[in-house]
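Colleague: Could you talk me through this model, please?

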Amino acid sequence: MRQLLVFGEREDAEEVAETLAEWFPELGMPRVVRETLAGEDDAEDAQWVVVIEGLGEDVLAKLDHLVEQYDGWRETG
């Protein structure tokens, strides 16, 4: 199942990606991508997304806690 972790700051997304790579080395380094919201004219309003696949539902609460520490949120994609 693919999880999208959304953040306002690139640094936050990169730190979370590094943490997840340490916690789940079998998954490799998660991708960090920039996503511009539909209708956004200002590139400064783009969000940063960490894409992670292969996690079981048993770790989603731990994942949510990590994401909340960086003022982000999780979406299933």
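Modeller: Here is a short walk through the sheet and then the salt bridges. This is a predicted model, where local features need pLDDT of at least 70, side-chain atom pairs count only at pLDDT 80 or more, and totals for chains, interfaces and linings use all residues. Residues are numbered from 1 along each chain as its sequence is written, and side-chain values use heavy atoms, with hydrogens and water left out.

Colleague: In what order do the strands sit in the sheet?

Modeller: The order is β2-β3-β1-β4, an open sheet of 4 strands with antiparallel pairing, where strands are DSSP runs of E, at least two residues, numbered from the N terminus, and two of them pair if DSSP finds at least two bridges between them. The edge strands, each pairing on one side only, are β2 (31-35) and β4 (73-76).

Colleague: And how many bridges join β2 to β3?

Modeller: There are 5 bridges between β2 and β3 (residues 47-53), and arginine 34 stands opposite tryptophan 48 in β3.

Colleague: Switching topic, how many salt bridges are there?

Modeller: The count comes to 3, taking a side-chain nitrogen of Lys or Arg within 4 Å of a carboxyl oxygen of Asp or Glu. In one of them, glutamate 53 meets arginine 2 at 3.2 Å, N to O, and this pair links strand β3 with strand β1, 51 residues apart.

Colleague: Is arginine 2 buried, exposed or in between?

Modeller: Arginine 2 is partly exposed, with a relative accessible area of 35%, given that buried means under 20%, exposed over 50% and partly exposed in between (1.4 Å probe, protein chains only). Glutamate 53 is partly exposed too, at 43%.
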